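Here is a short tour for anyone who likes to look at geometry before setting up a calculation. Please have the viewer open as you read.

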Amino acid sequence: MDKGLGLGRGLSALMGDDDIVQTPVRLDTENKSNVVLYKEMSQIVPGIFQPRRVFATEALADLVVSIKEKGVLQPLLVRKNPRQPETFEIIAGERRFRASKMAGLTRVPVIIKDFSDKEALEVAIIENLQREDLNPLEEAEAYKRLLKEFDYTQDDLSRVLGKSRSHLANMMRLLELPPEVKLMLEKKELTVGHARALLTAENPVSLACEVVKKGLSVRQTEKLASEKNKKTSPVVQEKSAHISSLETQISQLLKTKISINWKANSGKLVVNCQSLEQLDVILQRLSVGGAVS
């Protein structure tokens with residue numbers, strides 16, 4: 001698949017018609033490109049590449065009401081299921097499929113496309129990202145999969161998704177949170193701002209529980225995390241010549257002040273930056289091994 005096509009213009013470009021999914025569906029008898037057909041619900045199965053793990057019950061209930069009143073106005077995008085040839089696998093539109101089943105429909109409109117597994121995964125991720133249907137962790141995982149499985153760079157994603165490189169990096173950092181904190185984020189007990197503040201905490205789970213219990217704001221969370229970190233910080237010891245030398249080398253590479261805090265068999269590398277723009281430059285230097293001037 002052409003990366004520029006898949007990401008640059010999105011789902012409509014992959015389907016070959018910018019207007020087809022915006023118009024009321026029609027019943028056709030031939031399986032031509034972009035023709036809307038009706039298929040039995042029993043013939044359709046959920047997609048294995050669906051990036052969404054959470055389907056909001058309230059939002060789904062609203063969609064059920066709409067479908068009962070007006071029908072399914074936007075067809076599902078499917079492909080012939082390579083594991084079960086007699087069925088069709090959903091690439092985009094699983095919310096509509098679930099709501100249609102809840103609404104008691106026996107048939108739904110579909111557009112059948114010939115996608116490979118790789119293309120099916122890419123389209124499923126991009127479709128959800130463009131519709132902003134993913135929760136923060138699903139969004140972060142989608143970015144990670146696009147970078148890892150499709151060899152996109154952060155510059156590629158930033159350009160075609162209209163997201164800054166700092167946004168991509170900050171979202172993917174959420175995947176480093178402990179499972180307990182991730183669950184709070186998924187349940188919307190914490191916001192993305194809270195979660196980012198917790199990334200720097202010595203004990204993010206304990207602090208997250210305190211934040212939820214007290215109903216702290218993001219700023220209050222950042223302040224509390226900083227205060228707790230100061231209390232638990234070890235006494236600063238004189239750095240070895242080797243550590244000091246490494247600090248100098250890395251500072252020269254990244255063109256910003258850095259510090260290495262090392263104790264026993266582990267440590268932290270702290271990179272100082274004054275703005276998100278400077279962070280973007282630092283990340284770019286890291287990605288190209290310091291080749292950027």
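Predicted model: local features only at pLDDT ≥ 70, side-chain atom pairs only at ≥ 80, totals over all residues.

**Helix 7 and its partner**

Stepping back into the helix itself, residues 154-161 make up helix 7, and it packs with helix 6, which spans residues 136-149. The two axes lie 10 Å apart and meet at an angle of about 125°. The crossing of helix 6 past helix 7 is right-handed. On the helix 6 side, Tyr143, Leu146 and Leu147 make the contact, while helix 7 contributes Gln154, Leu157 and Leu161. By class, the residues of this contact are five nonpolar, one polar and no charged.

Which residues of helix 7 are buried? They are Asp156, Leu157, Ser158 and Leu161. Leu157 and Leu161 are buried and also take part in the contact with helix 6. As a general point, residues three or four places apart in an α-helix point the same way, because there are 3.6 residues a turn.

**Cysteines**

| Residue | Relative accessible area | Class |
|---|---|---|
| Cys209 | 40% | partly exposed |
| Cys273 | 32% | partly exposed |

Both values fall in the class between buried, under 20%, and exposed, over 50%.

How values were computed. Residues numbered from 1 in each chain as written. Heavy atoms only, no water. Axes fitted to C-alpha atoms, helices over the stretch in contact; angles between N-to-C directions. Helix = DSSP H or I, 4+ residues; strand = E, 2+ residues; numbered from the N terminus. Left-handed = near helix turned anticlockwise from the far one by under 90°. Contact = heavy atoms within 4.5 Å. Nonpolar A, V, L, I, M, F, W, Y, C, P; charged D, E, K, R; others polar. Buried < 20%, exposed > 50% of the residue type's maximum accessible area, 1.4 Å probe, protein only.
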